[in-house]
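Please walk through this model from its overall make-up down to a few individual residues.

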Amino acid sequence: MPHILIVEDETIIRSALRRLLERNQYQVSEAGSVQEAQERFSIPTFDLIVSDLRLPGAPGTELIKLGQGTPVLIMTSYASLRSAVDSMKMGAVDYIAKPFDHDEMLQAVARILRDRQTASGNPSEPAGKAPASAKVGASNHNGEIGIIGSCPPMQDLYSKIRKVAPTDSNVLVQGESGTGKELVARALHNLSRRAKAPMISVNCAAIPESLIESELFGHEKGAFTGASAGRAGLVEAADGGTLFLDEIGELPLEAQARLLRVLQEGEIRRVGSVQSQKVDVRLIAATHRDLKSLAKIGQFREDLYYRLHVIALKLPALRERGADVNEIAQAFLARQSARVNRTDLKFAPDAEQAIRHYAWPGNVRELENAVERAVILCESPEISADLLGIDIELSDLDDEEFIGLAPQQGGAANNTSHEPTEDLSLEDYFQHFVLEHQDHMTETELARKLGVSRKCLWERRQRLGIPRRKTGVASES
């Protein structure tokens, strides 16, 4: 059983992390500071050290030399991300930003221990094998990729990932919000020759526009007010590894120009510097926006778009993945049940039907939140559909039930020339009716005639690509 040392001065975080690791078959010791760790333990005897960066007395990076080769995983807040990058330059094996997801921590721990055993020439179990709950993102079909699902679109995606990963080509991952684009980026990194080098993940939408160039490319001392010392940027920190830029469509044009230089010349120039330096970085970008359309209206550099679009991978929306949704829901149920120490929970039949037929506009992220909420609120062994908190007025109907909701006789809908033929499918009927009547009916009236909520009407419009008319009576907000 691998032995892990946690060094964290926040008692609540330290205790929670200890419970998480112990539930996953790790032996755990803990300390509140570097000094306490030195006094209580022989630090080099541990298999892994997980330490906060900022500790009373000495910083967590002191454990790097005290461990004498024991890998150190640094925890840090997002505000201290650049300090974590500095920690990696000092020898930390990886960093993880707080607040972290439980599975993110478990996967990092499993990966570090696996690499340690491989490096020592002893790739045996159990440390080389991730704990069961750390593999919630994996399935029997694609364990090395780490994403659940076996529908044809996902199988096609796995095939492309395996082909693309060993190359150094830039990759653009496209898909709606919440579909799991970072999982694809992680799979590409883990299956590449850069797997043992860092993968630096940056959400471009989460960094203030005024700071993003400094965060990505670094800065020199005095480059701007408050720059009391020079700092390496996140691109530089990814040297030799992978840089994942999520929501790249939010990147300001000035930063886009700097990024283009990285892709074209393989070099960066820190803010305030006149000198460039070489970097070897593989770029994976992700977006839910249409970059080509943004380029046409001048909101995204066209030359950068074509540099990024060497290989494009499209993640299907959850509603397009068939039975995968139930498999993913079961995985989330197992994960959330473990967190609350319950082993008796299962989905009731009506909940399974609701999960399968709901449109999930928020995709996998929305599904995970729904399952987490249901697990917390559930007082019986079965999770009912109402605990999921989703609106399935339209989505849980099959074609025959929906066609039974034909508009009432009379009024604007009483025009037989516009009535759908009997062989129209559910979606054909919906699209036919909305397009025929949206010019003279409000959204509320359309929803009432269809027998659904306005929310369901909006979701189905998004799914079928039916834009709302902006003129006349249909312009109701």
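Helices (H or I, at least four residues) and strands (E, at least two) are DSSP runs, numbered from the N terminus. The model is predicted, with local features needing pLDDT of at least 70 and side-chain atom pairs counting only at pLDDT 80 or more, while totals for chains, interfaces and linings use all residues. Residues are numbered from 1 along each chain as its sequence is written, and side-chain values use heavy atoms, leaving out hydrogens and water.

The chain has 19 helices and 14 strands. Of its 477 residues, 48% count as buried (under 20% relative accessible area; exposed is over 50%, and partly exposed lies in between, with a 1.4 Å probe and protein chains only). The accessible surface of the chain is about 22300 Å², and carbon and sulfur atoms contribute 48% of that area; the areas come from the Shrake-Rupley method with a 1.4 Å probe, and for residues only the protein chains shown count as cover. A contact means heavy atoms within 4.5 Å. Among contacts between residues at least 6 apart in sequence, 66% join residues at least 24 apart.

Asp 52 carries an annotation: the unreviewed UniProt entry places "modified residue: 4-aspartylphosphate" there. Such positions are given in the numbering used here, with feature names shortened, and annotations may be inferred rather than shown by experiment. Asp 52 belongs to strand 3 (residues 48-52) and is buried, with a relative accessible area of 8%. Leaving aside residues up to four places away in sequence, Asp 52 touches Val 7, Glu 8, Asp 9, Gly 60, Met 75, Thr 76 and Lys 98.

Arg 14 sits in helix 1 (residues 11-23). Its neighbours beyond four places in sequence include Glu 8 and Asp 9, both of which are also touched by Asp 52. At 13% relative accessibility Arg 14 counts as buried, and its side chain makes a polar contact of 2.7 Å with that of Glu 30. A polar contact is a pair of N or O atoms within 3.5 Å; within protein, one must be able to donate a hydrogen and the other to accept it, and residues adjacent in sequence count only if both atoms are side-chain atoms.

Where does Thr 70 lie? Thr 70 is in the loop between helix 3 (62-66) and strand 4 (72-77), and it is buried at 6% relative accessible area. A polar atom of the Thr 70 side chain lies 3.0 Å from the backbone oxygen of Gly 67, and one lies 3.4 Å from the backbone oxygen of Phe 46.

Phe 46 is itself buried, at 1%. The structure holds three aromatic pairs, where rings of Phe, Tyr and Trp (its six-membered ring) pair if their centres lie within 6.5 Å, and planes under 30 degrees apart count as stacked, over 60 as edge-to-face and the rest as tilted. One of them joins Phe 41 and Phe 46 edge-to-face, 5.6 Å centre to centre with 85° between the planes. Tyr 358 and Trp 360 form another edge-to-face pair, at 4.6 Å and 80°.

Strand 8 (residues 242-246) has five of its five residues buried. Thr 242, Phe 244 and Asp 246 point one way, and Leu 243 and Leu 245 the other. Strands pair if DSSP finds at least two bridges between them. Strand 8 pairs in the parallel sense with strand 7 (residues 199-203) over five bridges, and four bridges join it in parallel to strand 11 (residues 282-287). Thr 242 is the bridge partner of Met 199, and Arg 282 in strand 11 is a bridge partner of Thr 242.
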